[in-house]
Structure formats: structure tokens, C-alpha cells
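Please open the structure in your viewer and keep the selection tool at hand. This tour goes from stop to stop, saying what to select and what is there.

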Amino acid sequence: MPMAGATESIAAFISRTSLEDMPRDAPERAGKAIADTFAVILAGAAADLAEPLLRYAGAGHERGPAPLLGTGLSASPETAALVNGTFGHSLDYDDVLSIMPAHPSVVIVAAALASLNGQRVSGRAFIEAYILGVEIGGKIGLGITQGHYRRGFHATGTLALFSATAALAKLHQLDIAATRQAFGIVASMSSGLRRNFGTMTKPLHSGLAARSALTALRLAQSGFTAAPDILEAPSGFFSTYGVDESSPEVAVRGLGRPFVITDPGLALKKFPCCYATHRAMDGLLALRAKLGFDADSVDKIICRMPPGGMRVLTYPRPATGLEGKFSLPYTLAAGVLDGHYTLDSFSDAAVRRKEIADLYTRIHAAEDSSCQGEDAHFEERSSGSRGFVEVEVKLRNGRSDRIRVDKAPGSPGRDMSWDELKAKFADCARKAGRIADKPALQAFEIIRDLDRANDIGKVVDLLR
């Protein structure tokens, strides 16, 4: 009997794997990530892109069964997947999986919620599907390598749609054959270019990926056909989107060995901006607390980044809040000036402050080969997780200090606590403007014990 190809092997893994096969701590880790994802979707409902996106969607006139979280509106399932998926990545506050590298959770959750159509789904089933989605997307990312990202693809749009498709296949109990068809369909919708970082179209990649996964599910359920070997075939996904080192066999061999949800795990964000800036921001705040400086007392800020650490930080002098999220000089300047970071740190007005511009000439940020460290897996890691970052502050009174930061806050090893997550959830719900504190916290507590919840729909109802 011929060996199964990658697409068939992945489909079989989805079909045959259950929560019982996963690590003991997987449900709690998934619960934290799901809570974080609901939070950032809510906050996205108040983002600058919400108005044009809802205008496009016609959400004020369209009737449908699927809620647009934080808006009080509903729409068709496909439109809801698009809108909620875009909301969730709009503030760049959602989690990161370094081995893809991408933001899979928003794509998975937005697609899964939109697919329910009134169906009662237990928290346990939702977690199971979610973990499998993270697993499949992560292992496809590992197989296709970081070379895919370096070619200019935004893996949230190109790879996380496989995460969502896998989760939907599990949630809706597709058989192996139908799952292969769904993968074949969704592969032809894979899209997203890094050139759009710092614009509204970057988060749109998440929404498009969620919508594509839902469309693929519904087409496969309806008998629509596609290539059943789309991942491994000539002119298929890996050969077209990959590089010389890409291998679908690597993706298959790694399935469940170990599960991605626990190793390497997801990084939840403490700051609402590009993950590549987080270690530098964390170091700057630590030095500010230690030395007690303000903007006037700073002579020079030096930030040394690992090779490739500034690849996606393409705006040295940002003009908008969105560009500020991808600017290392801006995030360092804001830390010096304000001493903290909030959602409001990345408004257009905040980025355009004269006091910020005055600091730029005193900030020197560059990649430094000495920050690579001894990590044997350096080339497999994303800009925000490779090597280490060093921040040095020199003050006008002659004092100076430096700090090395290996892991960003919220990353595996510096995990966000439930209390920290609760504070982030409440802040994001308030940002949405339509969700009162009481239902927001009720929803949070349900998610905290999601594996015991009998219906994920209760969370959705509280956050409409």
C-alpha cells in the first residue's frame, strides 16, 4: 500500500486526535489564548478600521445569525468571520506563534464562532478544535520554514487559514476525505503580503483567512471538489509558496510531537503592537523604573537587536498610529516619554507628538550580530523571539545602565497570569464601548473554565 501523502496524513490526524491525546495542561493554555482572543476582537470593534469595515459589510442593514462582537450587530456567517477576524488583529494585540510565524488564534476563533449558526457546542469541543487548529498551522509553518515569511508572505493570511480549516473540520466532524477537499479549496485562497504591514490591510488578512476557512468548510460539506493532495503535489502549496528547504514531510512528522500548544507555545501580548518590539519595550521600561529618568534627562538610548530582529520594523519615522506599531524608534520614544504603553499609545495623535520627534535623534536602534546568542534554532525563530535584545540608556548626568532581555513578557516562560489576562480582557471590553463590565467579566469567568462549559454560545451572547 502506498504511503499516505501529507494532506491525507494531516486530515487523518485531525479526524483521529481528541483532547484525551493532548497534554494535561493543554486545555488551560488554550483557555488563556481563547480569552485573549475574545478580548482583542472586542477592542478591535473600536479600532479606526471598524467604521470603513462595517460600512463595507453593510452590517447596519444585513441580517444574519452570526454576531459581530462588541457592536450589537449581526451578519451572515462569512461576513461575521471577515469582520471579527479583522477586528481581532486590528490593534496587533493578539497572540503570536513564532514557528509559523503568525497570529493563528483570531483566525481560528473568528471562523469557528461564525460557523456555529445556533449550534450548541461545548467548551470542551471548542478547545479540542482550537488546539488542533494551532497544531496544524504551527506544523505547516515549521515545514514550510521561515523562508516563506522572508519571501514577503504574511503567514497569518497564508498559513493560519489552514489552522482555521483544521479547527472547523474537527468542530463539524468532517471525515478524512472531506477534510482533504476543504484543504484543497482553502489553499487556493491563501494570501497576504508583508508590504501591507502598518496599514488596515494587514489585519484584513486575518479576516480574509477566517472567511476563506469557513467558505472552504461549507463548500466541502456541499460536495465541492479540489485537489486532495494540495500540500505535497507539484504545483501545490509547498512547491509554490515555499523555498528549497520547505518540506511537507517535516510538517507531518512533527504532528503531536510535541503539541504546539505546550511547546513552543503561544505568546500572549502585553503591548498592542508588533511583537518584534516587545523585548526592547520591556527593557526600556525596566531601565526607566530603575533609573527614574524622563525625556529631558536622556542623552542617548541604544537598542541592539538580533540579526533579522528588525525585518518587519519598517517605519523609522512613523506618521500614523498603525505605522507606529511597526516602529522601534517610536515605541522606545513613547516608553521614555510616557513610562507605559496602552491602546492609546498607538493613536495618530500620540505618534505625531512633537516631544516624540524630539527624542528620535537620541535613539539609536540597529541589528547586532552579538545578539544572536548560542541558539541552535535561531533561524527557525521569528523576529520577536530569536536571540536576545539589549537596551542601554545614557543620561545627561553621566549615569548609565543596560539590560538584556531574552523573552518578551507574555511569552512561554514569562507567561501571562490569569489576573493579568483578566485586566487585559476588561480593558479591551471597555475599549469596545458597548460591553458593560459585568457581562464582560461573566464571559471571562466562563472562558476561564471553558472545558467545563456546556455551550460556547453563552460567551458570545454576553459579548454581542
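This is a predicted model: local features need pLDDT of at least 70, side-chain atom pairs count only at pLDDT 80 or more; totals for chains, interfaces and linings use all residues.

Residues are numbered from 1 along each chain as its sequence is written, and side-chain values use heavy atoms, with hydrogens and water left out.

Begin by selecting residues 104–115, helix 5, together with residues 160–171, helix 9, whose axes come within 8 Å and cross at roughly 35°. Helices here are DSSP runs of H or I with at least four residues, and strands are runs of E with at least two. Axes are lines fitted to C-alpha atoms, for helices over the stretch in contact, and angles run from 0 to 180 degrees between N-to-C directions. On the helix 5 side, the contact (heavy atoms within 4.5 Å) includes V107, I108 and A111, and on the helix 9 side it includes A164, A167 and L168.

Next, select S382, which lies in the loop between strand 4 (363–367) and strand 5 (389–395). Is S382 buried or exposed? S382 counts as buried because its relative accessibility is 6%, where buried means under 20% relative accessible area, exposed over 50% and partly exposed in between, with a 1.4 Å probe and protein chains only.

Finally, select helix 19 (residues 418–432) and helix 20 (residues 437–448), which pack at an angle of about 140° with their axes 10 Å apart. Among the residues making this contact are W418 and F425 of helix 19 and L441 and F444 of helix 20.
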